[in-house]
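Me: I am new to this structure and would like to learn how to read it. Could you take me through it one feature at a time?

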Amino acid sequence: DILIFKDLKNLVIKGEEGTIIQYDNNLKLGSFDPLTGKVYNENNPAKPAIKYAGVIGSCIALNNCKNVTVTNLFLDGNNKSIQFGGRYSDLGIQLTHVGIYITDSHSILIENINSSYFGLDGIVITNKPSSTPDDIRLLNVICEYNSRQGLSWVGGNSLVANNCQFNHTGRIGYYSAPGAGVDIESEVGPISNGYFTDCQFINNSGCGMVSDNASAISN
């Protein structure tokens, strides 16, 4: 993990024009032998052993934060140069390499951000159920050429995405299911009030937008 913020309020993370955070070459993601460093293909995909997990982590993580702005950054996961290992889960390599990971955080503005080329997702939003709107806004955000999803929304109430691009998932480096532009899946609780306007969902390996657990998703 690069930038981790927990239990903070009123934070601005701002780059100047042309600011890039790029991951190094030859990082490992997937199952590897911890002694030799070689690709390990015998990990049980249904119940993988964590000792074989090669994890890169998150570029920016917000945990229990409020009133945060992240703006004017290119987050480059460099999945073109990742060493992908053996499977970790029955859906390929489901290990964290994410541009922005939002957990139980509110009043978050992600603006003028390019979060692309990650081994998992460009952005993950996972908020527990709350009667108060999360107020998460994605404005002018690009999530392209990530390996699993452009955006995974797995819990929360109130997400606005305007003029965003969730394109070309799984088209470079590695493909991991479901390979969608946006995946809306209620893993931590009900999901409601999502609004996508003037957004693109182009040339993804899977669906442009996929929604699971439909009974727990509204609006």
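**Cysteines, rings and backbone**

Reply: Start with a cysteine: at 18% relative accessibility, C199 counts as buried. Keep in mind that this is a predicted model.

Me: Which residues have the most contacts inside the largest nonpolar core?

Reply: They are I60, V70, I100, I110, L138 and F166, in a core of 41 residues. Take I100 as the case to look at: leaving out residues up to four places away in sequence, I100 touches I60, V70, L75, I110, I113, S115, G122, I123 and V124.

Me: How should I read a pair of aromatic rings?

Reply: A pair of aromatic rings is described by two values, the distance of the centres and the angle of the planes. The count here comes to seven aromatic pairs. One of them is Y40 with Y52, which is stacked, at 3.9 Å centre to centre and 10 degrees between the planes. Y40 and Y52 are 12 residues apart, each in the loop between strand 4 (28–31) and strand 5 (53–54). Both Y40 and Y52 are buried.

F84 and Y174 also form a stacked pair, with 4.8 Å between centres and 15 degrees between planes. F84 is in strand 8 (residues 83–84) and Y174 in the loop between strand 14 (165–167) and strand 15 (180–184), so this pair ties together parts 90 residues apart in sequence. F84 counts as buried, at 18% relative accessibility.

Me: Which rings are linked into a cluster by ring pairs?

Reply: Those of F166, F196 and F201.

Me: Which rings have the charged end of a lysine over them?

Reply: The charged end of K28 sits over the ring of F32, 5.6 Å from its centre. That of K80 sits over the ring of Y117, 3.9 Å from its centre.

Me: What should I look for in the backbone?

Reply: Most residues other than glycine have a negative phi, and most peptide bonds are trans. S89 has a positive phi, near 110 degrees, and is not a glycine. S89 lies in the loop between strand 8 and strand 9 (97–103), and is buried at 14% relative accessibility. Y145 also has a positive phi, of about 60 degrees. Y145 is in the loop between strand 12 (136–144) and strand 13 (149–162), and is partly exposed, with a relative accessible area of 24%.

As for peptide bonds, the one that joins A177 and P178 is cis, with omega about 10 degrees. P178 is in the loop between strand 14 and strand 15.

Me: What does N67 touch, apart from residues up to four places away in sequence?

Reply: N67 touches K9, N10, L11, H106 and S107. The side chain of N67 makes a polar contact with the side chain of N10, at 2.6 Å. N67 belongs to strand 7 (residues 66–76) and is partly exposed, with a relative accessible area of 41%.

Definitions and conventions. Residues are numbered from 1 along each chain as its sequence is written. This is a predicted model: local features need pLDDT of at least 70, side-chain atom pairs count only at pLDDT 80 or more; totals for chains, interfaces and linings use all residues. Side-chain values use heavy atoms; hydrogens and water are left out. A nonpolar core is a set of buried Ala, Val, Leu, Ile, Met, Phe, Trp, Tyr and Cys residues joined through side-chain atoms within 4.5 Å. Buried means under 20% relative accessible area, exposed over 50%, partly exposed in between (1.4 Å probe, protein chains only). Contact means heavy atoms within 4.5 Å. Helices (H or I, at least four residues) and strands (E, at least two) are DSSP runs, numbered from the N terminus. A polar contact is a pair of N or O atoms within 3.5 Å; within protein, one must be able to donate a hydrogen and the other to accept it, and residues adjacent in sequence count only if both atoms are side-chain atoms. Rings of Phe, Tyr and Trp (its six-membered ring) pair if their centres lie within 6.5 Å; planes under 30 degrees apart count as stacked, over 60 as edge-to-face and the rest as tilted. A charge sits over a ring if NZ of Lys or CZ of Arg is within 6 Å of the ring centre and within 35 degrees of the ring normal.
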